[in-house]
Amino acid sequence: MLRRTRRTLWIVAAVLLVLAAAIYLRFKAPPEAARLLPESDGIVYVNLRPARALLHSDVKPVGRAPEYQAFIDATGIDWERDLEEAAIALHRMPDPRGPNGPVAYSMVLVGKLDGKRLARYLEAHATGKEDYEAHTIYSLPSEGRTVRIAQIGYDTVAISNTPTSEQIHSMLDRHRTAALPFSGSTLLAEHYSEMPILSVAWGMGQIGLPFTENGKIHVFGLDVPVEPDTTFLASVHWAGSLKLQVVEIAPDETVAVSQAGSLNLLLTLARGVTAGLGASEANNSLKEALRTAEITQKRNRVTIDATLPKNLPVDLVNGVNGSGSDGN
């Protein structure tokens with residue numbers, strides 16, 4: 001009897017250890033939406049659940065374009081209200097002046113969807129369809145590109161505007177192995193472990209790609225002294241307060257020392273530029289974020305840390321909405 005009890009206890013303990021390991025792996029694993037993304041030059045992820053709880057009802061209503069309102073009426077989906085997660089892969093195009101521009105994207109959107117109404121909308125507007133891995137891929141024209149869309153779950157949609165269907169095929173292929181906690185792209189495997197816990201938004205890789213102009217990145221009208229293909233790790237995470245961290249991975253320590261000096265100068269200039277801004281809520285929040293910013297350098301990495309005022313997202317969104325409404 002004693003032997004049987006011990007054996008039972010060992011079995012229970014083993015099961016609990018396996019469950020604990022599974023929970024730990026899930027906690028440390030990248031979000032499933034990000035794991036579905038194809039190989040890319042950069043990844044940006046946002047978890048809108050805590051952001052929406054923070055913004056709540058303080059955000060001013062946004063005017064909607066007629067086309068977007070028609071989409072809402074047809075599908076019942078309002079991304080401003082229903083989107084919960086967004087994972088975006090950035091793909092550098094070989095010819096930045098070509099029909100696809102400098103950067104294409106593949107994305108996974110998670111939220112509250114009405115699958116049947118969405119399918120009817122896509123059927124009505126698609127110029128082509130493809131069946132792949134038991135999913136229907138709809139092709140829709142958009143600004144000279146073809147946008148491919150496939151619903152891959154009751155709450156998940158995959159979208160890509162790359163020149164070929166390779167990327168959306170990859171997302172559908174990855175969906176079959178999504179239960180594996182550490183599946184995903186090479187970029188995700190290399191850098192996700194460096195993201196701070198409790199990150200509500202993060203990016204990795206060549207995340208400067210969409211923000212370049214003539215091969216340079218601009219902030220406050222000034223050239224940022226980094227190349228557009230520099231690898232960055234960026235996150236907004238909770239650590240007693242909302243924290244921003246941006247890490248630049250330089251080619252070597254000598255470059256990192258130079259970059260740290262240049263960025264400190266840029267920070268000083270940015271503080272000076274914003275000092276003259278009016279005393280609006282958005283401007284005050286931005287000034288506070290710049291005041292807390294610190295730049296450090298260790299080996300080949302340059303790190304920018306800043307504390308974000310709790311109301312900064314609300315102030316910035318309302319500032320954008322207000323400027324948009326003024327022009328109407």
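Which residue in β8 does Tyr45 stand opposite? Tyr45 faces Trp202. The two belong to a strand pair, β1 (residues 42-47) and β8 (residues 199-205), joined in the antiparallel sense by five bridges. Strands count as paired if DSSP finds at least two bridges between them. Helices (H or I, at least four residues) and strands (E, at least two) are DSSP runs, numbered from the N terminus.

This is a predicted model, in which local features need pLDDT of at least 70 and side-chain atom pairs count only at pLDDT 80 or more, while totals for chains, interfaces and linings use all residues. Residues are numbered from 1 along each chain as its sequence is written, and side-chain values use heavy atoms, with hydrogens and water left out.

**Whole chain**

The protein chain holds eleven helices and 15 strands. It has 328 residues, and 41% of them count as buried. Buried means under 20% relative accessible area, exposed over 50%, and partly exposed in between (1.4 Å probe, protein chains only). The accessible surface is about 18,600 Å², with 59% belonging to carbon and sulfur atoms. Areas come from the Shrake-Rupley method with a 1.4 Å probe. Of the contacts with a separation of 6 or more, 62% link residues 24 or more positions apart. A contact means heavy atoms within 4.5 Å.

**The sheet**

Twelve strands form an open sheet with antiparallel pairing, in the order β4-β5-β6-β7-β3-β2-β1-β8-β12-β13-β15-β14. β4 (128-132) and β14 (294-298) are the edge strands; each has a single partner, so one side of each lacks a neighbour in the sheet. Direction ignored, neighbouring strands are turned by 15° against each other on average.

Strand β3 (residues 103-111) is mostly covered, with eight of its nine residues buried.

| Strand pair | Sense | Bridges | Facing residues |
|---|---|---|---|
| β2 and β3 | antiparallel | nine | Ala86 and Leu109 |
| β3 and β7 | antiparallel | five | Val110 and Thr156 |
| β1 and β8 | antiparallel | five | Tyr45 and Trp202 |

Helix α6 (residues 115-125) has Leu118, Tyr121 and Leu122 buried. These cover an arc of only 95° around the axis, so they sit on the same side of α6. The arc is that of the directions from the helix axis to the C-beta atoms. Lys116, Arg120 and Ala124 are exposed on the face turned away from the buried side. Cover for the buried residues includes α4 (66-75), β5 (135-142), β6 (145-153) and β7 (156-160).

α6 lies across β4, β5, β6 and β7, and runs at about 50° to β5. Elsewhere on the sheet, helix α10 (residues 281-292) touches β14 and β15 (301-308), making about 140° with the direction of β15. Axes are lines fitted to C-alpha atoms, for helices over the stretch in contact; angles run from 0 to 180 degrees between N-to-C directions.

How do α4 and α6 pack? Their angle is about 130° and their axes are 8 Å apart. The two helices are therefore oblique to each other. Angles under 35 degrees count as roughly parallel, over 145 as roughly antiparallel, 65 to 115 as roughly perpendicular and the rest as oblique. Phe71, Ile72, Asp73, Ala74 and Thr75 in α4 meet Arg117, Leu118 and Tyr121 in α6.

**Ile168**

Ile168 is found in helix α7 (residues 166-175). Its relative accessible area is 0%, so Ile168 is buried. Beyond neighbours within four places in sequence, its contacts include Ile137, Arg148 and Ile149.
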